[in-house]
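Visitor: I am new to this structure and would like to learn how to read its charged side-chain pairs. Could you take me through them step by step?

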Amino acid sequence: MLHIAVHGFTSITICQRFVLRKPSLSISEKGVISVQAALYGRADTDTCSEGRPVGQLTNTTCSQPGTEDLVKTRCDGKKECEINIRDVATPDPCVGTFKYLDTNYTCLPAIHVVACEGSLAHLFCGKTSLFVISVYGADYGRRDETTCSYRRFSFQTRNTLCSGPTNKVAELCNGKNRCTFRVGSSLFGDPCRNTYKYLELAYVCECTF
């Protein structure tokens, strides 16, 4: 796996032979992930070329449709995320070509919020009404076993494949100076019964003039 940072952008590339590895995108500074581009296929003859026959490298116009949309859905607005290369590898966009997943992302200066199921989520853009909320992205469910796990049984945090995007927060809060709501399946639906869930979101405060 290759990580490259250039002019504020980070590039992560994983070769086809490492299909069992899950590329991980993360932001260490204040802000959230903003995916700029993602490609599964081949765009040049050099990337992931070591030890491969020439015939597997010549098709440089190979690209899996929908890859960028999938990576954006998984990662935009989060502090970190994992991508399973198997999710974009089928159907094979170019049989006989050795492929790779290449993702470019940067840090979006946004406010990151995590609110556990049953708690109140608070979004706030200061004491003046000149700034209003604009939700960048929101997910409800569970992606790991540690977030919102205090005093929970292990079976309530075991399902980490239970998370999906929701536009409910944007519907409730966009254009407001402040917004408070209770996090729960009555609002977002229940993507996985018997799992203790949480809401993860990112928003910015936009000027109204």
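Visitor: Is Glu200 buried or exposed?

Guide: The general idea is that a residue counts as buried when its relative accessible area is under 20%. In this model, which is predicted, Glu200 has a relative accessibility of 7%, and therefore it counts as buried under that cut-off.

Visitor: Which residue does Glu200 meet in a salt bridge?

Guide: A salt bridge pairs a side-chain nitrogen of Lys or Arg with a carboxyl oxygen of Asp or Glu within 4 Å. Here the partner of Glu200 is Arg143, with 3.0 Å from N to O. This pair links distant parts of the chain, since Arg143 lies in the loop between β10 and α3 while Glu200 belongs to strand β13, 57 residues apart. Arg143, for its part, is partly exposed, at 26% relative accessible area.

Visitor: How many salt bridges does the structure hold?

Guide: There are six salt bridges in the structure, and one of them joins Asp87 to Arg74, whose closest N and O atoms are 2.7 Å apart. That pair also links distant parts of the chain, with Asp87 in helix α2 and Arg74 in helix α1, 13 residues apart. Asp87 is partly exposed at 34%, and Arg74 is likewise partly exposed, at 33%.

Visitor: What are the accessibilities of Asp92 and Lys99?

Guide: Asp92 is partly exposed, with 37% relative accessibility, whereas Lys99 is buried, with a relative accessible area of 2%. Their side chains meet in a salt bridge, at 3.0 Å from N to O.

How values were computed:
Residues are numbered from 1 along each chain as its sequence is written. This is a predicted model: local features need pLDDT of at least 70, side-chain atom pairs count only at pLDDT 80 or more; totals for chains, interfaces and linings use all residues. Side-chain values use heavy atoms; hydrogens and water are left out. Helices (H or I, at least four residues) and strands (E, at least two) are DSSP runs, numbered from the N terminus. Buried means under 20% relative accessible area, exposed over 50%, partly exposed in between (1.4 Å probe, protein chains only).
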